[in-house]
Amino acid sequence: MKHLLQALSLPARPRTLAANGTSGKVAPLFRPDRKFNRDEQESELIVQNLNVHIKDQHILKNIHLTIPDKKITCVIGPSGCGKSTLLKTFNRLIDSIEEVRVSGKVLLNGTDIVSSGGSEIIHLRRAMGLISQKPCPLPMSIFDNIAYGCRIHGIRGRKKLRLVAQHYLEAAGLWEEVKDRLNTPATRLSIGQQQRLCLARSLAVEPRFILADEATSALDPISSKIIEELFIKLKENYSIVMVTHTLRQALRIADNVIFMYLGEVIETGPADKVFNNPEHKLTKKYLSGVFS
Amino acid sequence: MKLKFAEEKFFKILMIGATMTVLAFVVSIIYSILSKGWGAMSWDMIFKLPGGGFYIGKEGGFLNAIAGSLYIVGASAALGLLVSIPVVFYLNIYLKRRSRLAYVARIAYDVLFGIPSIVYGAFGFTIMIYFGLKTSLLGGIIVITLLIIPIFIRSMDEVARQLPREIIDASYSLGATRLETIRVALRQIAPGIATATLLSVGRAIGDAAGVMFTAGYTDSIPTSLSQPAATLPLAVFFQLSSPIKEVQDRAYAAALVLTIIVLLLSILGRYITNRFSKHKLK
C-alpha cells in the first residue's frame, strides 16, 4: 500500500521559494523524495461516500467530491450544514471530537486519509495547513511562531530559520510590519496581523492544501481584503479550500463552489456556473437570500 | 431608584469591610510575631546551630531548622512538579474531555487534597516502621511530596482546563505530536504552574504534622538523606511549649523567619509568573 508518508513527501525545494525566487539560500527546506515529487503530480483531493456521525447525529451524508489542485474552492451553505466538519475530516482534527464515527474515503494522491493512522496523520496534517476562524497565535514570539513548525519537522539553526521566517512572513505580507520586532510576543499583533501570522506559520511547514475555516469572519474589512488577495496569489502554488459565510466573498475569489445543506452536498461546480446558473432549487434559494 | 442606590452602597460597604477584616488579620498576625520575635531575633539565630543550653535560653540559633525546612521544601517541590506535570497533561491532553478515568482521578485528587497532614505523617510513619527506617530527611521529603502533589495537580489542572482548544488544534495542524503540543501548552499555563508551586511551597514549608513523625528533629544540619532533619514549624512548636520566656520568644523569631521565607518566595513567584506570562494568549 502506498503510504501517506511517502505520498505527502515534499519537493526538493519549496515551491514558493522557487516560484518567486526571493532567495535560493533557504532551499531546500525538507528532504526531497525521489518517488513522489509534488510538483510533477496533481494533488487532487477526492472524497468518496464520506459519512460522519457525531453521537447519534448524522453530520455528513454520503459526500462525493473532487477538490481540484491549485484552485480556490469555496464551501458555502447555512450554519450547521457540516462545512467545518468537512474541513476537519481533511486534516483529521476530527479525531479530537468525542464519539465521532467516520466512514468512506478521502483520497489524497490515492492514499486514504480516513484510514491512515499513527505518524501518517502527522504528515497529513502538515500537508493540510489550517487557518481557523479566530486567529490563534501560539504563546511565543512572532519568530518562534514560524520557527515552531519548522523545528518540529527537523529544521535547525537560527540563521536558516530566520531566512525561512522572513520568506514566509513576506509571503503573508507581514514582513515589513514585523521585521523589527520578531522577538515580541505574537499576541501583541493586531487581529488581522495575527491571522496573516497564522497563514505564514502554516505555509512554513510546506503544505499542499490550505484549509481556511471562515478565515476572514473575525477580521475587519481591510484585513479580510488582504487575506483574500493573498489567497488569490497563493493559489498558484497551493490548493485552497475555504469555508465561508459571505457569499460575496465566494463570488470574489472562488474558482469552484460547493454548496452544502444539512450535511449533504447539494451542488458543486465552477463558480461561474453555480452562481449564475444553479441547477438545484435549494441553491437558487440560498443564493437569492431566501435563507442563510 | 433610591432603594437600588442604597442597596449598592450597602454591599459596597460590606465588601470593603470584608477586605479590611482580612487585611487586619494579616497585619495583626505579623504584628504579634514581630513584637514578640523581634527582641529575640539576631544574626546568631539565623546563622548558628543550637548550642548546649539553647533550649533553656542560652547561646545558639536555629539554623538547623531553617536548613531542614529549605531542604525538605526544595526537594519535595521539585519531586512534586516532576510527578504532577505529567499527570496534568495526561488528564488534559491525552484523555478525552469526558473520560471516566479523568473523572475518577480528579475525585481522588480532591480527596487527597482534603486529607489532613497528620494523616500523611501517620501513613508515612507506618510505612517507615514496616521497612525498619528511622526518622530521616528522606522520610520527610517523601511525605511532604505526597502532601503537596494534590495541591499541585488540582491547581494546575484548573488552569490546564482553561487551555484554549485552538492552541492545541493549531499545534496539531502544523503536524505536531501530542508531546510537542504539550511544550506549547506548557508555555500557556506556565503562570498557572508558578502559582501552583507557590501554593504548594507555602503549604509545605508551614506543615508541622507531616514531618513530626517522619523527619524527626535534630540539632544538626543533615548531611545525608538518612539523617533526621529539623524544620521551622517544629522549632516553633517545641520552643513555644517551653516554660522559659526567652525560649518562647525564640519561637516567635522562628515564626518570623518562616514568614519572611514565605514572603520572599511569593515575591519571587510573582516575578517569575510575570516573566512567564509574556507570551500568554489572553
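This is a predicted model: local features need pLDDT of at least 70, side-chain atom pairs count only at pLDDT 80 or more; totals for chains, interfaces and linings use all residues.
Residues are numbered from 1 along each chain as its sequence is written, and chains are lettered from A in the order in which they are written. Local features need pLDDT of at least 70, side-chain atom pairs count only at pLDDT 80 or more, and totals for chains, interfaces and linings use all residues.

**View 1. Packing of helices α8 and α9 in chain A.** Helix α8 (residues 191–203) and helix α9 (residues 221–234) of chain A have axes 9 Å apart, at an angle of about 20° (axes are lines fitted to C-alpha atoms over the stretch in contact; angles run from 0 to 180 degrees between N-to-C directions; helices are DSSP runs of H or I, at least four residues, numbered from the N terminus). That angle makes α8(A) roughly parallel to α9(A) (under 35 degrees; over 145 is roughly antiparallel). The crossing is right-handed (the near helix is turned clockwise from the far one by less than a right angle; anticlockwise is left-handed).

**View 2. Residues between α8(A) and α9(A).** A:G192, A:Q195, A:R196 and A:L199 of α8(A) form the contact with A:S223, A:I226, A:I227 and A:L230 of α9(A) (C-beta atoms, placed from the backbone, within 7 Å).

**View 3. Packing of helices α10 and α11 in chain B.** In chain B, helix α10 (residues 232–240) and helix α11 (residues 245–276) cross at roughly 160°, their axes coming within 8 Å. The two are therefore roughly antiparallel, and α10(B) passes α11(B) in a left-handed crossing.

**View 4. Residues between α10(B) and α11(B).** From α10(B), B:L232, B:P233, B:A235, B:V236, B:Q239 and B:L240 take part. Their partners in α11(B) include B:V247, B:R250, B:A254 and B:L258.

How values were computed. Angles under 35 degrees count as roughly parallel, over 145 as roughly antiparallel, 65 to 115 as roughly perpendicular and the rest as oblique. Two residues are in contact if their C-beta atoms, placed from the backbone, lie within 7 Å.
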